[in-house]
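Welcome! Let us take a walk through this structure together, one stop at a time.

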Amino acid sequence: MTFEKMSPKELAEQLQGDEQVILLDVRAEEKYNDFHIKNPNLQSVNIPKTVIFEIEEKGMADALNGLPKGREVVVTCTTGNSAAKCAKILDSLGYQVKILDGGLTAWNEFRK
């Protein structure tokens, strides 16, 4: 299953709008604390991929309480690979997901 991807440029354009963007960063907490995308129009949520993988195995969906089901969630990681795996799990749980194409690496390149 492939998910719709959002380019860094599309994300930047969406952040200019009025509606808040929900970004799920699935990197480890330390990496998230070192760097994550910050914007007034962005609700940044950090749920490490290990937690999401456990949800699939153990059915612990309450770990996702910070994520609204009725809104689009953009999933990101360093390069996009882990985000794709997490998006598949989230999709199976009924979330509307998109993947930030190229992850934070592509975002940082775009922002230069």
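Before the first stop, one term is needed: a polar contact is a pair of N or O atoms within 3.5 Å, where one must be able to donate a hydrogen and the other to accept it. Keep in mind, too, that what you see is a predicted model.

With that in hand, look for Arg27. You will find Arg27 in the loop that links strand 2 (21–25) with helix 2 (29–34). Is Arg27 buried or exposed? Its relative accessible area is 10%, and buried means under 20%, so Arg27 counts as buried. The side chain of Arg27 makes a polar contact of 2.8 Å with the side chain of Asp25. A polar atom of the Arg27 side chain also lies 2.4 Å from the backbone oxygen of Phe35. Leaving aside residues up to four places away in sequence, Arg27 touches several others, among them Tyr32, His36, Asn46, Cys77 and Leu104.

With a relative accessible area of 31%, Phe35 is partly exposed. Which residues does Phe35 touch, not counting those up to four places away in sequence? They are Arg27, Leu104, Trp107 and Asn108. Take Leu104 as an example: 69 residues separate Phe35 from Leu104 in sequence, while their C-alpha atoms are 9.2 Å apart in space.

Leu104 leads us on to helix 5, which covers residues 103–111 and has Gly103, Leu104 and Trp107 as its buried residues. These three span an arc of only 105° around the axis, so they are on the same side of helix 5. What do the buried residues of helix 5 pack against? Their partners are helix 1 (8–15), strand 2, strand 4 (72–76) and strand 5 (96–100).

Strand 5 is our last stop. Of its 5 residues, 4 are buried, so strand 5 is largely enclosed by the rest of the structure. Strand 1 (residues 5–6) runs parallel to strand 5 and is joined to it by 2 bridges, with Lys5 standing opposite Ile99. Strand 4 is parallel to strand 5 as well, and 4 bridges join this pair; here Val74 stands opposite Lys98. Finally, trace the chain from strand 4 through helix 4 (residues 81–92) to strand 5: together they make a right-handed β-α-β unit.

Conventions
Residues are numbered from 1 along each chain as its sequence is written. This is a predicted model: local features need pLDDT of at least 70, side-chain atom pairs count only at pLDDT 80 or more; totals for chains, interfaces and linings use all residues. Side-chain values use heavy atoms; hydrogens and water are left out. Buried means under 20% relative accessible area, exposed over 50%, partly exposed in between (1.4 Å probe, protein chains only). Contact means heavy atoms within 4.5 Å. The arc is that of the directions from the helix axis to the C-beta atoms. Two strands pair if DSSP finds at least two bridges between them. A crossover is right-handed if, with the strands pointing away from the viewer, the path from the first strand over the helix to the second runs clockwise.
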